[in-house]
2 protein chains.
Amino acid sequence: MRIGIIGVGTVGGGVVEIIEKKRDEFHAKFGVLLEIAGVAAKTEEELAPFKAKGYKCFLDVAELLEDESISVICELAGGYDLPFKWILKAIENGKHIVTANKALLAKHGHEIFPLAGKKGCHILFEAAVGGGIPIIRSLQESFVGNNIESLSCIINGTCNYILTRMAVERLSFEEILKDAQKLGFAEADPSFDIDGIDSAHKTAILASLCSRNFVDFEKIHVSGIRDIAAQDIQFIHELGGEVRLLGLYNKVGDKVDARVHPCIVPTEHLLASVKYVLNAVYLQCDNLGPTLQTGAGAGRLPTASAVVADLVSLARSVESGHLEPLPMSWFRRENSAELVPIGETSARYYFRFVTKDNYGVLAKITGILGENEISIESILQKDTNNREKVDVVVTTEKALESSVQAALAKIDSLPEMSEKSRMLRFLE
Amino acid sequence: MRIGIIGVGTVGGGVVEIIEKKRDEFHAKFGVLLEIAGVAAKTEEELAPFKAKGYKCFLDVAELLEDESISVICELAGGYDLPFKWILKAIENGKHIVTANKALLAKHGHEIFPLAGKKGCHILFEAAVGGGIPIIRSLQESFVGNNIESLSCIINGTCNYILTRMAVERLSFEEILKDAQKLGFAEADPSFDIDGIDSAHKTAILASLCSRNFVDFEKIHVSGIRDIAAQDIQFIHELGGEVRLLGLYNKVGDKVDARVHPCIVPTEHLLASVKYVLNAVYLQCDNLGPTLQTGAGAGRLPTASAVVADLVSLARSVESGHLEPLPMSWFRRENSAELVPIGETSARYYFRFVTKDNYGVLAKITGILGENEISIESILQKDTNNREKVDVVVTTEKALESSVQAALAKIDSLPEMSEKSRMLRFLE
């Protein structure tokens, strides 16, 4: 199988490395031959080491896409616009696609998948979500005997790394972020990760696969980890929980509830054991019950190994055999999921109110919560020497998000409040 | 695809149930039609409900195997001898096989797989190991871009259930076993589970897949959980560990180190979070790093859903498409793995010595350990009011198993010992 690779950065370079090392093994084991027919990149500099090894190199991706001897395009460039054009062209030319590009699939999947369906092209994207965790294959093949009732996932290593270190070292978000950037665990501009956008891309793809409706990532509620205080992580730890940024999917009647936000996970829950850069996907299935897969969610070789597995699978499907592509044409805008608005969701909540003095204010807070039909489970006033900043931690029974928002707005307008109130949801 | 099902007990009944519920969905989603062509069982009684639904029923499996319209045999009967004959016959008749029978594959796989290879028959067995955890597909397909360096798994729900409850409730093995039997979590004759035989079957299959050598389950070291004292679980918990019955695989040069025995898992290790009947497989791969999959390892619907996924996969491979079977002919006796003898393995150890009085005896024990080149990491003498039974807990640095066995034999012969010494290995 002749492969054209677009992008020879971290992941692309890893793919070439693994194929070089394992080409003979794949031939012996599976009877398939993976041949790198060409690599494309933006600069001569990037291409130089590949040229030196004798690979055909392209600065113009269009040329690679026109090579008729190539049957699969491996898109590992990243970004939306150019990859979208390339992939459309590749499919028009009848080429199969292997990609690790979650942003592209979240944004343009609803245009790509139907076209691929028409053209009989396979699109494999195991590496797009959860790096080396085989969650795509599991959803598409291993769990077909189940209805997926819900999914909760940790799919951004940067956020999980920061949250884990905040808990262990009791330091602030800003301090840990700065160190994470120094160590290469966070980008110079980290907003894509820490504001939850990357998690939203991946959650949208997973929610689409679970529901078999197109879930538009731009419509799902997203909040990141910027506003989480070290204080809250400590108080929550004392309550028997850990804070994780989760991608969430629930089937609610005919609607889909898909969200990305920080959640409180009970310490004994498997997701609480998922620390630092590990990713994890936790599923609740009707027949199988609960199941979790965890592993490296990013990085050169983990991601590359998922791409290579897709290539081997594709070679078995289209070169040494003939397997119809998994039907993905349902992944189109006309088949959009109706999303549950965040206001209509419900959860148990954690609040922290920073008050100037707790004599009258506690009555006011509990009064406002009561008016909004929010039942209190516990109230803890934290010891302090500063009467201007008294922490009042409240946990609630299950309450409606819209009621919570209304109550918090009213509480925040009280003159007795020193800071904006903090809110986190418990994982159900 | 016309399916013949042998065995309509727990799992077989579940398979029929899921197919009935999802037949139309599979047709719409994947373009495959799963048709139950016939079911076979030992008694009219078992067959009655299936007869009532209009299924063709067989008391004589041979008849089912001769039905030329059937392209796949789903063997869910259990046991070794008859299933072995049936499967050989089915393969001779060109039928593909889906089975959940780990005992059969561990015992006769080396005869079955090569024959299937010759005949071009697929053998799918996801449900044989870890129930609904898709570990077989992961090893055969998702992780092909990796070398599997080591594997540690919890693959017997009964044992994990007993060990978890012993830790939580601080009760003895016998007490928990009795209750587990009452509640249906352990068989009336539990020896197959608690002595590690079932784990050994599954470990042999996994070790074979990891090493691509035939690993004979009869040759791997097995010890079960019968002799674990509640006392030890508590002491180990205080040391920061949990006891789990693990199946272990390590590649050691050209040899395979495969074993089943109780292990001490550090509390922060993901395997320590795997509790009660959950199963889990923890892998260390060269490219992917560490990864864990966990979920229900047994039970009617979890196991049945894995069988059904295999059936859908098979239908896509042989009915709506044409995929060569995964080459499994290497799974034969001539390609046996050379196993590392248990005496040549090494680990950190936990010992508990029950001594009559600790004045002279501690010097004797440490002397014997020293003579056998076993370095002590810690010694803890447990408070007691009974001078006839003083617990001395010793943990060691890495030591050689044969040295440990020699030392323990000598220590056990000391007149100062009240009981046989206890030994557990730490997970590396």
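Me: What area is buried between chain B and chain A, and what share do carbon and sulfur atoms give?
Reply: In this predicted model, buried area is the accessible area (1.4 Å probe) that two parts lose on being put together, summed over both. Val144(B), Asn287(B) and Arg316(B) supply 15% of the area that chain B buries against chain A, more than any other three residues. Carbon and sulfur atoms give 56% of the area between the chains, which is about 4200 Å².

Me: How are residues and chains numbered and lettered, and which pLDDT limits apply?
Reply: Residues are numbered from 1 along each chain as its sequence is written, chains are lettered from A and ligands numbered from 1 in the order in which they are written, and side-chain values use heavy atoms, with hydrogens and water left out. Totals for chains, interfaces and linings use all residues, whereas side-chain atom pairs count only at pLDDT 80 or more and local features need pLDDT of at least 70.

Me: How many residues of chain B are in contact with chain A, and which element of chain B gives the largest share?
Reply: Contact means heavy atoms within 4.5 Å, and 48 residues of chain B meet 48 residues of chain A on that basis. Helices (H or I, at least four residues) and strands (E, at least two) are DSSP runs, numbered from the N terminus. The side of chain B that touches chain A takes nine residues, its largest share, from H12(B).

Me: Which polar and charged pairs cross the interface of chain B and chain A?
Reply: A polar contact is a pair of N or O atoms within 3.5 Å; within protein, one must be able to donate a hydrogen and the other to accept it, and residues adjacent in sequence count only if both atoms are side-chain atoms. The interface has 18 residue pairs in polar contact, both residues at pLDDT 80 or more. Salt bridges (a side-chain nitrogen of Lys or Arg within 4 Å of a carboxyl oxygen of Asp or Glu) number two between the chains. One of them, at 2.9 Å from N to O, joins Glu141(A) and Arg137(B).

Me: Which strands pair between chain A and chain B, and in what sense?
Reply: Two strands pair if DSSP finds at least two bridges between them. Leu292(A) has Thr294(B) as its bridge partner in S12(B). Four bridges join S12(A) to S12(B), and the sense is antiparallel.

Me: In what order do the six strands of the open sheet in chain B run, and which stand at the edges?
Reply: The order is S3-S2-S1-S4-S5-S6 with parallel pairing. Within this sheet, S1(B) and S4(B) pair over four bridges, and Ile5(B) has Cys74(B) as its bridge partner in S4(B). One side of each edge strand is left without a neighbour in the sheet because each has a single partner strand; these are S3(B) and S6(B).

Me: Which residue forms a salt bridge with Lys107(B)?
Reply: Lys107(B) lies in helix H5 of chain B, and its partner is 111 residues apart, in the loop between helix H10 and strand S8 of chain B. The closest N and O atoms are 3.5 Å apart, and the partner is Glu218(B).
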